[in-house]
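Here is a short report on one structure. Look at the sequence and the 3D view, then read on.

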Amino acid sequence: MGKYIIKRILQMLVVVILVAVVTFFLTDMLPSDPVYLIGGDELTTEEYDYIYHQLGLDKPLAERFVIWARNALHGDFGRSYTYHKDVWELISARIPVTLYLSILSLIISVPLGVLFGMITALKRGTKTDSIITLLANVCSCLPQFWIGICLLVVFGLKLRLLPSVGFHWPGEVGIVQHIKELIMPLICLSLGGVASFTRQTRSSMLEVIRQDFVRTAHSKGIKERFVTFRHIMRNGLIPIITILGNRLAYMIGGSMFVENVFSIPGMGTLMVKSVSCSDIPTIQALVLLTTMVSCMAYLLTDILYVIVDPRISLTSDSKK
Amino acid sequence: MSLLLDINNIETCFRTEDRVLKILDGVTIQVKKGEIVGLVGESGSGKSVTMMSSIQLLSNSGKVTSGRVELDENGKNILEYKKNSDDMRKIRGGRIGMIFQEPMTSLNPVMPIGRQIQETIMEHIGLNKEEAKARAIEMMKLVNIPDAEERYDNYAQQFSGGMRQRIMIAMVLAAEPDVLIADEATTALDVTTQAQLLEMIKELSVKTGVAVVLVTHNLGIVARYADRIYVMYSGNVVETADTLTIFKDPQHPYTRGLLNAIPRLTDPEDRVLTPIDGLPPTPLARPTYCPFYERCNYCVPDCAEKPKPQLAEIGQGHFVACHLGRAEKDEKAKEIALKEGRSRPEKHISDEICLNVENVKKSFDIYKGLMQRKVGSFNAIEDISFNVRRGETLGIVGESGCGKTTLARCILRMYKPDGGKIELFGKDIASLGRSEMKPFRSQMSMVFQDPFSSLNPRMTAGDIVGQPLRIQKMTSSRAEYEKRVDELFRTVGMDPNQKDRYPHEFSGGQRQRLGIARALALKPNLLILDEPISALDVSIQAQVINLLEELQSSMGLAYLFIAHDLAVVKHISDRILVMYLGRVMEIADSSELYENPLHPYTKALLSSVPLVDPEKEIGREYIPMKGEVPSVMNRPKGCPFSDRCDHATEKCRSTIPELKDAGNGHMVSCFLYYER
């Protein structure tokens, strides 16, 4: 197991390095000139040359990459062109917000989705099944920003029940206001999650119910709930972990729409802003961070697989 | 003895999308304390459904619509209990346990096997966790699982098929049931493992007094192990009696048909198999009269007028569902014998060697890791030598994993052997390249095991049969091609008008005929038949065997007949080659091999095969084999069989015996017969 994790971490490192290289070279090819972005459009030649030199743009590309990578290893991603701030400072203020929202939304969507999925699978063919499955299918295709805008119009603008924009920690505005601010973004973030967990749980449970070992479990005369939880659920969990991993990996990208619709100062808004302003150091840092989050999520998924399904670790053992 | 399980006239229906299928049409089965009951019939006859109905284990679409199931003659119909009620659960699993066919999928893959046994004990015996664990380990020892304590926490996939089936038995018997239902429990296993398991079940039945219901299509198994037999056909029991009576005095035409259709180890050489023509009716098309009427060669027109015959007692405990009396049937039997009077097609074995194989060897590399580095290799087959003459059938038998199929693929040159000679009419093809090989391709072809997956489902039957002709450009015009395809259809006894149908529209037997027609398309001299009938029902098997024999006689084909069913191999082969772990153990004429087997492995293998004759089974010696077939990757250094052989000496363990003539062309590779 330990060997397996170390191997996976090494593989992750390779991915991160590759992504860093590719991002660096691709952003360099962007048509916009960072010097004008920093100094404005009306620069004298001397001023231009000065900034050009300051940014190190007169050095060869490869050398600039080495310098950037060395600094990045020390946590220095350079200064943002648009915010005129240290990039790391910028990002570190926003990570907790995005993380907080994403994790809350997972805490909501996993249990609810699995519960609905179990209900529909065990009551397959009944009215309850049809209704929940239909709703899940509809919800999983609704785009987040559309749900966000609808909620905003109804609860924020028409009914004026909830604040339509902003995000503050409970310390700043009090717990009640904090929860009010959270409701709409969380619904928006979790609806799709609940729907896809429901769908996945249903189909993987139905798949397992047909298996021979479930018939064996029934033939043993053990209680129905043991058959469901010990035999069906444990096997049905495996595909659910895949979805969980995907959602974790998609955390930063996924919060983009919601944060923009509700003007939440998280990673998603920062990403959109930095791309639209060609804020190259910020883009580079964010891409790297997103890659690392994805890699961590997949590592976590693989570890969970091994825990839930002994077959996986066994096959990797037997090859040794 | 007192009645234990009484299944009385049950009818079971399955709901599909648009209709209701009546699978069981009134089945009555009784099981007494401690006896072994055999339930035989072909696939789809309702054997498993009967047993699953009795313990309410049907899927949600199945329902018992009428009839009673009683335990202990207490007058309580257990079908009245709700499926998952406490009362029903106490019976299902507690009093009646069931083991299933697929040992690979019947155990939960993510729960340690010990826990699965423990679970049953805690449910039905009411022990606490620790006690149940101790008891589970005891049960594992009872079914001879080595290192039970250590293996308690292992998962199902760490065990072989035979071991998994032992675990299933331990799990079921742990609840101390009164009835054990074994639903084709040994069908997927090799003969030696099958014999080990059934012997064990029999012993346990004697030791613990548990009654056993053996559900199987294998008449040999019931002949050897059952006390009483029920024969099922199309959702009905057609005949029941004690085992001796069923085999000595079968009264239902279907029972007689089955017994005439199967080859036996004890058959004389000129025995002709009589297949049962046609197919059983589907549940939808089941007539109101006798369901066997259409396939019955005893029937009189009157049979179609009368309603379905009911079981009637004609002797002590001997019930038959047939309108005809004994005298009528005996009369008819004489008539049939006269009319049939068939003899086996003549053999024309010439001296010309069609295929000569010398010291053929094939190894496979083992790759590992991200870069797929080669980390080792193992020899799948080693030093294989034999020959086949024109018009001759050489049977190749051996358990799964012994290299039969690898050998076939080497001969067909789908694999390139690593050494040795493969001579086709004197020309060595072992190392020919792809294009050099092409002219030889038409001289040999193969018929595959699975008639369902070996035909392309998107091609019409005509295209499938004609494909080799197109590839080898054997016909010059469209008309000639069509004519040849029609001819091939007729050769295998099929109607050329069915050319435009797709494989799924044919039955298993017809599909296998198509496979044979395809193999014959290029007029080959050598046909390699890789388990060609093992996926077919007994009555259909005989049709295909007879067809193969006729084709051989008329076309002078040489056959390489690969199979694990020894009785079939004995029936069809002139000579037999016995393989074990990639090496040849013995080659001999088929009657010589069965009458006078020399190699200890052959002896054990033969004694594992149940004879379809309970009288001959009495007092027959069963040679139990130690352990299980090891993987070819850890083949013993000397004789491959040395670690399981009772006669093994130091020499056997260190040196590989050569294949030598022990007289009369009986080749054996065993030190017992030379250098002693």
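## A hairpin in chain B

In β16(B), E423(B) has D428(B) as its bridge partner. This is a predicted model, in which local features need pLDDT of at least 70 and side-chain atom pairs count only at pLDDT 80 or more, while totals for chains, interfaces and linings use all residues. Residues are numbered from 1 along each chain as its sequence is written, and chains are lettered from A and ligands numbered from 1 in the order in which they are written.

Strand β15 (residues 419-424) of chain B is joined to strand β16 (residues 427-428) of chain B by 2 bridges, and the two run antiparallel. Strands pair if DSSP finds at least two bridges between them. Strands (E, at least two residues) and helices (H or I, at least four) are DSSP runs, numbered from the N terminus. β15(B) and β16(B) make a hairpin with 2 residues between them. In the turn, F425(B) has a positive phi of about 50°.

β15(B) also pairs with strand β12 (residues 353-368) of chain B. That pairing is antiparallel and spans 5 bridges. Here K361(B) has G419(B) as its bridge partner in β15(B).

## Two open sheets in chain B

One open sheet has 3 strands in the order β2-β1-β4 (chain B), and its pairing is antiparallel. Its edge strands are β2 (20-32) and β4 (62-71) of chain B, and each pairs on one side only. Neighbouring strands of this sheet are turned by 5° against each other on average, direction ignored. Such angles run from 0 to 180 degrees between N-to-C directions, and axes are lines fitted to C-alpha atoms, for helices over the stretch in contact. Strand β1 (residues 3-15) of chain B is joined to β4(B) by 8 bridges, and they run antiparallel. Which residue is the bridge partner of E11(B) in β4(B)? The partner is S66(B).

The other open sheet has 8 strands, in the order β17-β18-β19-β14-β20-β21-β23-β22 (chain B), with mixed pairing. The edge strands are β17 (444-447) and β22 (660-661) of chain B. Inside the order, strand β14 (residues 393-397) of chain B runs parallel to strand β19 (residues 558-563) of chain B, and 5 bridges join them. G395(B) stands opposite F561(B) in β19(B).

## Chain B as a whole

Chain B has 23 helices and 23 strands. Its C-alpha atoms fill a box of roughly 75 × 65 × 50 Å, taken along the principal axes. How does its radius of gyration fit its length? For 676 residues a compact globule would have a value near 26 Å, and chain B has 27 Å, which agrees. The radius is taken over C-alpha atoms, and the globule rule is 2.2 Å times the number of residues to the power 0.38.

Of the 676 residues, 48% count as buried. Buried means that 20 or more other C-beta atoms lie within 10 Å of a residue's own; exposed means 12 or fewer, partly exposed is in between, and C-beta atoms are placed from the backbone. R490(B) lies in helix α16 (residues 478-491) of chain B. Is R490(B) buried or exposed? R490(B) is exposed, because it has 12 other C-beta atoms within 10 Å. The C-alpha atoms of R490(B) and A517(B) are separated by 9.0 Å, although these residues are 27 apart along the chain.

## Helices in chain A

α11(A) and α14(A) pack at an angle of about 170°, with their axes 8 Å apart. They are therefore roughly antiparallel to each other, a label for angles over 145 degrees; under 35 is roughly parallel, 65 to 115 roughly perpendicular and the rest oblique. Among the residues making the contact are L237(A) and I241(A) of α11(A) and A297(A) and L304(A) of α14(A). Residues are in contact if their C-beta atoms, placed from the backbone, lie within 7 Å.

Helix α13 (residues 267-276) of chain A has buried residues including M267(A), L270(A) and S274(A). The buried residues of α13(A) pack against α5 (87-122), α12 (251-261) and α14 (280-308) of chain A. Just after α13(A), S278(A) takes a positive phi of about 50°.

Notes:
Contact = placed C-beta atoms within 7 Å.
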